[in-house]
Amino acid sequence: MSTHNSQAIFERAKALIPGGVNSPVRACRSVGADPVFVAQGDGAYIWDADGNKYIDLIGSWGPLILGHAHREILDTIKEALALGTTFGAPTEIEVKFAEKLSGAVPSMEMVRAVSSGTEATMSALRLARGFTGRAKIIKADGGYHGHADCLLVAAGSGAATLGIPGSAGVPEGAAKDTIIVPFNDLPAVEKLVSGGDIAAIIIEPVCGNMGLVEPAPGYLEGLRAITAKFGTVLIFDEVMTGFRVAYGGAQERYRIKPDLTTIGKIIGGGLPAAAFGGRADIMQKLAPLGPVYQAGTLSGNPLAMAAGLKAMEILGRPGTYERLEHLGARLGDGLAAAAKTAGVPHVVNRVGSMLTLFFAPGPITDYESAKTSDTKRFGTFFRNMRDRGVFLPPSQFEAAFVSLAHSDEDIDQIVAAATRSF
Ligand SMILES: *Cc1c(COP(=O)(O)O)cnc(C)c1O
């Protein structure tokens, strides 16, 4: 593996950008590596600044379910580009985007577009608080919902990767109304919600940010029942799972209807777009109809709307999710078999095309159990895989993503690399 250019770029980056990166996990610190500076992507592959080729299992952390530089997405962006990049006035493409999204995720009776998942969750919580007139919110230990102050408490993803329990700079006041429960612990939620003063529970219906953790049978149903009973707004954070674990997200896969949904990543087609939406009576509390303020200069950006609309349209074609399930199973089963042969304690958690190989005997059902993983061993595995041309998420507490651009041969190559890396 050659590293000459990347090293030089990294040195320049560190002089101006904290840690050399614009989002912390990219720094690859927890796995004892330097960041991979990417020069280009095509389909299932990326090339770094030194010309090394990798099979990519990050897919920009989820958005690229169609693979890199997908022709139809590029053509769509080019067409939209010719008409102008932003107007700060409404456009028809935003309406088409909303129609498509609401059609795919019917619980989103009304939607508003934003530019990042962080904005979506932050806005949904403000709305839930405005709607209920209550302050307290519940989130899961190790659940990640972006970096808004009130959600940076016991957060997963980069915070888990770096071992940061909360974050410096979050004032006590911003965090004091956030209550933490273990994921998959229904009695803990019941006890809190039955007090009648909880505005919302925000939950990843399939956790992806503590590594992948599936909801236990009955857990999501239980959350739905208890929140409905006490007027707590149930928010599914489907920023990662939307259009990933099923076309209509985890709520389609597990057949649960939340009050509000936050969604992002895939719906931008690789450009910055996200959205929140849900029950019309709640959404109508948003400005300009209601008293809850929320806004964005680039919200509903026409390029992002066009790319996202096209991505949703492509994903709606027949056979898509069967293919993703097949590829995910091939990878998950292959990795598990290779680890077993090598005598490595492991468990593979997988839902559709997202999965995590934990270096722990399992079962992994929440953040406590996820933390029993051997992160040092994961670091070695990450570096070995990188050196064999496979780009994994650089953290034990992240999910890997398979895309429609991966071939069976790509998956077999990944498994072969893993067999040698264990
Ligand atoms: C990625 C993610 C977010 C944050 O989205 P950004 O676009 O990075 O701000 C929020 N919630 C979940 C579940 C995510 O996976």
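Visitor: To start, which residue in β14 does Met354 stand opposite?

Guide: Met354 stands opposite Phe401 in β14. Before we go on, this is a predicted model: local features need pLDDT of at least 70, side-chain atom pairs count only at pLDDT 80 or more, and totals for chains, interfaces and linings use all residues. Residues are numbered from 1 along each chain as its sequence is written, and side-chain values use heavy atoms, with hydrogens and water left out.

Visitor: Fine. Which strands make up the sheet with β14 in it, and in what order?

Guide: The order is β11-β12-β14, an open sheet of three strands with antiparallel pairing. Strands here are DSSP runs of E with at least two residues, helices are runs of H or I with at least four, and both are numbered from the N terminus. Two strands pair if DSSP finds at least two bridges between them. β12 and β14 are joined by two bridges.

Visitor: Which strands are at the edges?

Guide: β11 (347–351) and β14 (400–401), each of which pairs on one side only. Helix α12 packs on this sheet, where it touches β11 and β12, and its direction makes about 175 degrees with that of β11. Contact means heavy atoms within 4.5 Å. Axes are lines fitted to C-alpha atoms, for helices over the stretch in contact, and angles run from 0 to 180 degrees between N-to-C directions.

Visitor: And what is the order of the sheet of four strands?

Guide: β1-β2-β3-β13, open and with mixed pairing. β3 (residues 53–56) and β13 pair in the parallel sense over two bridges, and Ile55 stands opposite Val390 in β13. Helix α15 (residues 408–421) lies across β2, β3 and β13, at about 105 degrees to β3.

Visitor: Switching to helices, at what angle do α3 and α11 pack?

Guide: About 30 degrees, with the axes of α3 (residues 92–104) and α11 (residues 302–315) 9 Å apart. Among the residues in contact are Ile93, Phe97 and Leu101 of α3 and Met305, Leu309 and Met312 of α11. By class, the contact has eight nonpolar, one polar and four charged residues. Ala, Val, Leu, Ile, Met, Phe, Trp, Tyr, Cys and Pro count as nonpolar, Asp, Glu, Lys and Arg as charged, and the others, Gly among them, as polar.

Visitor: Last one: which element gives the most to the lining of the second largest pocket?

Guide: α3, with five residues. The second largest pocket has a volume of about 520 Å³, and among the residues nearest its centre are Glu94 and Arg112.

Terms used
1 Å grid on protein atoms, 1.4 Å probe; cavity = no way out; pocket = protein on both sides within 12 Å on 5 of 7 lines; lining within 4 Å. Points joined across faces, edges and corners; volume = space filled by probe spheres on them.
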